[in-house]
Structure formats: C-alpha cells, structure tokens
Amino acid sequence: MANRERAGAGAVGSAGSLGLRVGQAVFSSAALLFMSVGVEFFSYTAFCFLVTIMGLVIPWSCTLVMIDVYSIFVGCPLRVPGVMAIVVVGDWVLSILSLAAASSSAAVIDVLLQFHGSQCTARLCERYQLSAMMAFLSWFLTAASSLFNLWDIASR
C-alpha cells in the first residue's frame, strides 16, 4: 500500500480546509445577499466595494471547496508548490480586500447611524450591519485558511 501524505490541519486538501472554505462561501453569500436584496447599496461606494469583493470571494471559495472535496475523496492532498503559492497569495489578497471592504462598510454604517436614522431606516441599517458582520466573519475564515496554507508550505 502506498504511503500517502497527509495535509496539515486547515491546509488545502484537508477536512479543516473544507470547513473553512464552506464557511467563507456561506458568510460571503450572506453578506452579499443582505447587502443587495431589497437594499439600495449602490448609493455608497463602500457598499459597492463590499458587494464586489464578496462577489470575488464566493467563486474563489467554491473552487477551493471542489478541490478539497476531490482531495479528500481521492485521499491525496494537493502538494504542487506553485499551486499552493497561488492559493496562499489569492487568500492573502482576498483577505486584505475583505477586511478593507468590511471595515469601510462598518464605518459608513456608523456614520449613517450617527445621523439618527435620517439617512437610512432602522430596517435598512440593520441589514447593512448584518452584511458587514458577515463580511468580517468571511474575512476571519479567509485569513485563517491563508495562515494554515502558509504554515503548510513553510513546514515542507
């Protein structure tokens, strides 16, 4: 029987990575839905930025979910150094952009709330807040998966 290499916890091709990626996709989708369904997000640049970045995180995470599922099913984790470097760089870029989008959206929401609801209704501001919260959760998971993959590359 062949000696199969195991992926580190949270590295691409492991069950931990699959959990992180599914969480990223779910939270990014929730942030996108809360921001764009029935809400006029296009009035604020920060909200447009959030929608754009979450729209990038969703396909990235879903693609890596498929890679993780395949790796787990086959039992052979992804160990191509060039591909791992692309995954780490992609995660870092999306992590930084997600943090920027979530932070700028939270700042705009804070300013809107300081006007005592004259700029947005309570229902609208709550949806904006939920969207920013989901974006922060997505950022946290993206940053974690990036660190796990970076650690996995460094430990080889």
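The count of salt bridges comes to one in this predicted model, and the pair concerned is R21 with D91, whose closest N and O atoms are 2.7 Å apart. Because R21 lies in helix 1 and D91 in helix 3, the pair ties together parts that are 70 residues apart in sequence. Both partners are buried, R21 as well as D91.

**Nonpolar cores**

- The largest nonpolar core has 22 residues, and among these M35, F47, L50, M54, Y128 and A135 touch the most other members.
- At least two residues of this core come from each of four helices, namely helix 1 (15-36), helix 2 (45-74), helix 3 (81-114) and helix 4 (122-154).
- As general background, nonpolar side chains tend to be buried together in soluble globular proteins.

**Nonpolar surface patch**

- On the surface, W92, I96, L147 and L150 form a nonpolar patch, and the accessible area of these residues together is about 380 Å².
- Helix 3 and helix 4 each contribute at least two residues to the nonpolar patch, and L147 is a residue that lies in helix 4.
- L147 has a relative accessibility of 47% and therefore counts as partly exposed, since that class falls between the limit for buried residues, under 20%, and the limit for exposed residues, over 50%.

Notes: Residues are numbered from 1 along each chain as its sequence is written. This is a predicted model: local features need pLDDT of at least 70, side-chain atom pairs count only at pLDDT 80 or more; totals for chains, interfaces and linings use all residues. Side-chain values use heavy atoms; hydrogens and water are left out. A nonpolar core is a set of buried Ala, Val, Leu, Ile, Met, Phe, Trp, Tyr and Cys residues joined through side-chain atoms within 4.5 Å. Buried means under 20% relative accessible area, exposed over 50%, partly exposed in between (1.4 Å probe, protein chains only). A salt bridge is a side-chain nitrogen of Lys or Arg within 4 Å of a carboxyl oxygen of Asp or Glu. Patches are made of residues with over 30% relative accessible area and no salt bridge: like charges are joined within 9 Å, nonpolar side chains (Val, Leu, Ile, Met, Phe, Trp, Tyr) within 5 Å. Accessible areas come from the Shrake-Rupley method with a 1.4 Å probe; for residues, only the protein chains shown count as cover.
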